[in-house]
Amino acid sequence: MNVSDLKNVILECCNDVLFFYKGKMSGISVEVYDSIPTYQVWHGSEIKEYSDIDDLMTDKFFGGKSIIELVGSVDFTIV
């Protein structure tokens, strides 16, 4: 999966993305209210919310790495 494919999956707002990184369960889920998405991410016990997909993709939230940096090095599961 490349960065564009993963971003499109997240933007569809109907799937969760799960993965392990540095021994911690991590993921991305989306809630939509009044047609406005909010992206929740977690890495172990840490949780953060984003209102902008590009902020989510570039923030180094996951153990000092961004989602963009993790593509190609972790296995993402779409549920």
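1. Asp54 counts as partly exposed because its relative accessibility is 40%; the class lies between buried, which means under 20% relative accessible area, and exposed, which means over 50% (1.4 Å probe, protein chains only). Asp54 forms a salt bridge with Lys7, with the closest N and O atoms 2.7 Å apart. The pair connects distant parts of the chain, since Asp54 is in helix α2 (residues 53-58) and Lys7 is in helix α1 (residues 3-11), 47 residues apart. Lys7 is likewise classed as partly exposed because its relative accessibility is 24%. A salt bridge here is a side-chain nitrogen of Lys or Arg within 4 Å of a carboxyl oxygen of Asp or Glu. Helices (H or I, at least four residues) and strands (E, at least two) are DSSP runs, numbered from the N terminus.

2. On the basis of the values: this is a predicted model, in which local features need pLDDT of at least 70 and side-chain atom pairs count only at pLDDT 80 or more, while totals for chains, interfaces and linings use all residues. Residues are numbered from 1 along each chain as its sequence is written, and side-chain values use heavy atoms, with hydrogens and water left out.

3. The structure holds 3 salt bridges. Besides the pair of Asp54 and Lys7, the side chains of Lys48 and Asp59 meet in one at 2.7 Å, N to O. This pair also links distant parts of the chain: Lys48 is in strand β4 (residues 46-50), and Asp59 is in the loop between α2 and α3 (67-70), 11 residues apart. Lys48 is partly exposed because its relative accessibility is 33%, and Asp59 is partly exposed because its value is 21%. Glu69 forms a salt bridge with Lys60, the closest N and O atoms being 2.8 Å apart. Glu69 is partly exposed, with a relative accessible area of 34%, and Lys60 is partly exposed at 47% relative accessibility. As a general point, side chains of opposite charge can pair when their charged atoms come close.

4. The sheet is open and consists of 5 strands in the order β4-β3-β2-β1-β5, with antiparallel pairing. Its edge strands are β4 and β5 (77-78), each of which pairs on one side only. Two strands are taken to pair if DSSP finds at least two bridges between them. Strand β1 (residues 17-21) pairs with β2 over 5 bridges, and Val17 has Ile28 as its bridge partner in β2. Strands β2 and β3 are joined by 8 bridges, with Val30 opposite Tyr39 in β3. Strands β3 and β4 pair over 5 bridges; in β4, Ile47 is the bridge partner of Trp42.

5. Gln40 belongs to strand β3 (residues 36-43). Gln40 counts as buried because its relative accessibility is 9%. Its side chain reaches the backbone oxygen of Thr38 at 3.4 Å. Leaving aside neighbours within four places in sequence, Gln40 is in contact (heavy atoms within 4.5 Å) with residues including Gly27, Ile28, Lys48 and Glu49.

6. Lys24 is placed in strand β2 (residues 24-33) and is partly exposed because its relative accessibility is 36%. Beyond its neighbours within four places in sequence, Lys24 is in contact with Phe19, His43, Gly44 and Glu46. Lys24 and Glu49 are 25 residues apart in sequence and 18 Å apart in space, C-alpha to C-alpha.

7. The largest nonpolar core has 21 residues, and those with the most contacts inside it are Ile10, Val17, Phe19, Leu56, Ile67 and Phe76. Such a core is a set of buried Ala, Val, Leu, Ile, Met, Phe, Trp, Tyr and Cys residues joined through side-chain atoms within 4.5 Å. The elements giving two or more residues to this core are α1, β1, β2, β3, α2 and α3. Leaving aside neighbours within four places in sequence, Phe76 is in contact with Leu6, Val17, Leu18, Phe19, Ile67, Leu70 and Val71.

Conventions
A polar contact is a pair of N or O atoms within 3.5 Å; within protein, one must be able to donate a hydrogen and the other to accept it, and residues adjacent in sequence count only if both atoms are side-chain atoms.
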